[in-house]
Amino acid sequence: MLDFSRTYDVLVVGGGNAAMCAAIMARAKGASVLVLEHAGQSFRGGNSRHTRNLRVMHEEPTSQLVGSYLEEEFWEDLKRVTNGHTDEHLARVTIRGTTSAVSWMSQCGVRFQPSLTGTLSLSRTNLFFLGGGRALVNAYYATAQRMGIDILYDSEVEALEIDHDVVRSATITWRGFPATVKAKTFVAASGGFQANIDWLRQYWGDAADNFSIRGTPYAQGKILRNLLDQGVASAGDPTQCHAVAVDARAPKFDGGIVTRLDSIPFSIVVNRDAERFYDEGEDFWPRRYAIWGWLIAKQPGQIAYSIFDSKSAELFMPSVFPVIEAPTISDLAAKLGLDASRLNATIDNYNSAVQKADFNPQILDHCATQGITPPKTHWARKIDTPPYRAYPLRPGITFTYLGVKVTDRAQVLMNSGRTAKNLFASGEIMAGNILGRGYMAGFGMSIGTVFGRIAGEEAAAHALN
Amino acid sequence: MHSTDAIIEARRQAEVCNACRYCEGYCAVFPALERRRAFTNSDIAYLANLCHNCKGCYYACQYAPPHAFAVNFPKVLAEVRHETYAAYAWPRAFAGVFERNGVIVSLAAAIIVTVVLVGVGWLQDPDVIFGIHTQPGAFYAVIPWSVMGGLSAVVFLYSMLALVMGFVNFWRDTGGRASELADITPLAQTASDVLSLRHLGGGGHGCNDRDESFSTLRRWLHHATFYGFMICFASTGTAWFYDTFLNWMAPYPITSLPVVLGCVGGIGLIIGTAGLFWLKLVSDQEPTSRRLLGADVALLMLLGTISFSGFLLLGLRATPAMGTLLALHVGLVLAFFVVIPYSKFVHGVYRAAALLRNRLELRNSTAPQRVLPAKPADKGETAEIFSASAK
Ligand SMILES: Cc1cc2nc3c(=O)[nH]c(=O)nc-3n(C[C@H](O)[C@H](O)[C@H](O)COP(=O)(O)OP(=O)(O)OC[C@H]3O[C@@H](n4cnc5c(N)ncnc54)[C@H](O)[C@@H]3O)c2cc1C
Ligand code: SF4
Ligand code: SF4
């Protein structure tokens, strides 16, 4: 039971990676710390519980990473994926911060493993968590408990009251009851707003109802909204979010990694009208998977179908939902609820456009179609070997980009240009400063870990001063 | 292996794991799972026996209950594992003993001990039973060597045969061939896996023995039980050797090899079985199957009691209690020999067999299948994003 009359040195809003890094760091500096997590204990850890790796800079091979990944290359990669929508200074702080983060994570009980099968391409740049993000989250909570950090689950922070650039208190709902908590400093680490469908609807209209949210339902953006409404400066484009194609049968929330589908480059993708709408073989899948959420979101009903034949059945990671299978295209159309004659026409059309060439899934094989729009520029093979198979697809939202603006000390900036005296931010809620667009595997956890540690350290120093 | 609810549920969960793979680093089960795209009943049986029940994958699972996908892999694999004990039991007619195994093993042990006690009391002169015997061959004065040795040998050999037949059943069902058993390297690797309990390490830093925290306690307790058992076995073997070849009959002096080995092994067994029993009681029940507890407890108790009665016999062998204690100890050992193939003891056989199958698979598998065009992902995923302005 919590003593609500107590004034903590540091109050952390949220219970994911960024929050726990801040909490542990602040406690290590001697501050008293309270963590308020909206979720209950079983679902603690936000989106972080679904992650599997973080991106780290390193000068030489380590036990789990091959080769080296230096600051300049890391920075160039970031510049390219964000198309320049980044802040070089904050980005470099993050990149450099990853080097010392790793041993600190180990001290907190986080364990690493070689890159997962199917992700060999990341073995140089990304460090994988043994057991994935939930194991990482467990390690942080165990460490936090050992250090004497107070943690409250089922505790939603409704508002942080800002007065003259100073946060005075937090209004919370604890197990359904309202309460006020006081602290000397505050760390906002409550993630993005991607689970707030009403908010998404502002930019996407009714299409938002057909989105699947890949991560936590607790990412409601309540504190983000609350801070922005009180004159906190924003960073990142509010209208954008990271989205991939997921199986249309995925749950509305928390489907996590297993709902993603990698069949697209070896299939054709049709919409509700049984028509193709984009080049499925434009580039290697890891370079293209993140545009498909967006492409499907623009189709009628936000639904699409990846269709292939038995030749391609084993070329991609197995999916968690069963493949839909039929002996003929017409039967498949019936199972998918598509117009059979239209689907037959689309496939006939596509098949006759396929040119003979050497199919090779490992390279850009230039097996392309000719004379159809859109073309399929690689891995185009006739769909002619029954049984025919399909997966239904929907947009799956990973995270949103809008956040609060921060300094390199994780201090939150006001619209006035001043810093909020005792408010710090880390993780998804400030990632938009650095990752204004695009995505780079493992960088979300890098930002949360590095800025979580900075926020915790700064908050403790401020509180104890 | 026939379809059961547990197998169907384990298959569903294995398919979630195969699309996820986050637990790949914990043990041999996940890499074995990833070598397949679909899972036959026999595949599931094999995976279930490959699982060492470290529970790492439960606490790490983002889909553990109350998530709708309700993945609780250690629990469902334990249930399947128990069903495989029945499915591979020899002879088939005895498969039923794995239902309510705890009760059956306990009852069988109680009956056998009683029969031995009553038998000795009935057939032997009370003066002999309650007399003081310290001369060489003192034990055989109470229970003749031919009866004690003969009966044990017959029962033990039968049990070994039943275990071998169980192994054969497992091997056949999981698609194995006899020729695969001829290769030394995988056998040696398997022996090392078994003797070190390699996969009871949770990927290096211990298992979730009790709860979310990590420890190596269960591994050490299992080592104490296993090596304690083996040392006791060695003690019996030495005694048999002394008796048969050196004509030196029990009881042996405190400092003799059989007694020293018996003591060391017995202490290991008592610590190991008591510790494992305690762990079962205090550990988080979520990733375990409550109804399987009986089978575990019955075997642990039997092994612990045998050691305990052995120490009692050693301590009181020069007193009138020796005759009764000897009958008790012999009865318990005999009971253990009888239940070997029909108790949790069989887990050792099937787990070793699964480890061997795993070693063979590892040897035969070519480099892991890269299912995605692997090349350039480390150059960052893509600059495109989900943008409302592009709508
Ligand atoms: C399926 C999936 C896989 C991913 N894989 C990776 C990966 O491998 N590597 C990588 O770097 N990134 C990955 N990401 C992105 C990554 O999850 C995020 O970048 C990162 O987890 C953000 O951490 P965070 O602590 O800021 O937010 P979160 O982990 O989302 O934590 C936010 C926390 O705040 C709590 N909260 C929210 N509002 C309130 C409130 N009002 N009061 C109290 N608490 C509140 C939530 O309950 C939650 O605990 C993945 C995302 C998804 C969805
Ligand atoms: S146990 Fe859970 S986290 Fe581990 S591989 Fe299976 S689904 Fe993934
Ligand atoms: S319980 Fe342990 S040994 Fe069994 S599958 Fe899970 S991680 Fe592997």
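## Around ligand 3

The shell around ligand 3 divides into eight nonpolar residues, two polar and one charged. Here Ala, Val, Leu, Ile, Met, Phe, Trp, Tyr, Cys and Pro count as nonpolar, Asp, Glu, Lys and Arg as charged, and the others, Gly among them, as polar. Among the residues around ligand 3 are B:Cys27, B:Cys51, B:Cys54 and B:Cys57. B:His52, B:Asn53 and B:Lys55 also belong to them. A residue counts if one of its heavy atoms lies within 4 Å.

## About the model

This is a predicted model, where local features need pLDDT of at least 70 and side-chain atom pairs pLDDT 80 or more, while totals for chains, interfaces and linings use all residues. Residues are numbered from 1 along each chain, chains are lettered from A and ligands numbered from 1 as written, and side-chain values use heavy atoms, without hydrogens and water.

## Two helices in chain A

Helix 1 (residues 17-28) and helix 4 (residues 133-147) of chain A have axes that come within 10 Å and cross at roughly 25 degrees. That makes helix 1 of chain A roughly parallel to helix 4 of chain A (angles under 35 degrees). Helices are DSSP runs of H or I, at least four residues, and strands are runs of E, at least two.

Residues in contact have heavy atoms within 4.5 Å. Helix 1 of chain A brings residues including A:Met20 and A:Ile24, and helix 4 of chain A residues including A:Leu136 and A:Tyr140. The contact holds nine nonpolar residues, two polar and one charged.

## Aromatic pairs

Over all chains, the structure holds 44 aromatic pairs. Rings of Phe, Tyr and Trp (its six-membered ring) pair if their centres lie within 6.5 Å. The rings of A:Tyr278 and A:Trp292 have centres 5.8 Å apart and planes at 85 degrees, so this pair is edge-to-face (over 60 degrees).

Note on methods. Axes fitted to C-alpha atoms, helices over the stretch in contact; angles between N-to-C directions. Parallel < 35°, antiparallel > 145°, perpendicular 65-115°, else oblique. Phe/Tyr/Trp six-rings, centres within 6.5 Å; stacked < 30°, edge-to-face > 60°.
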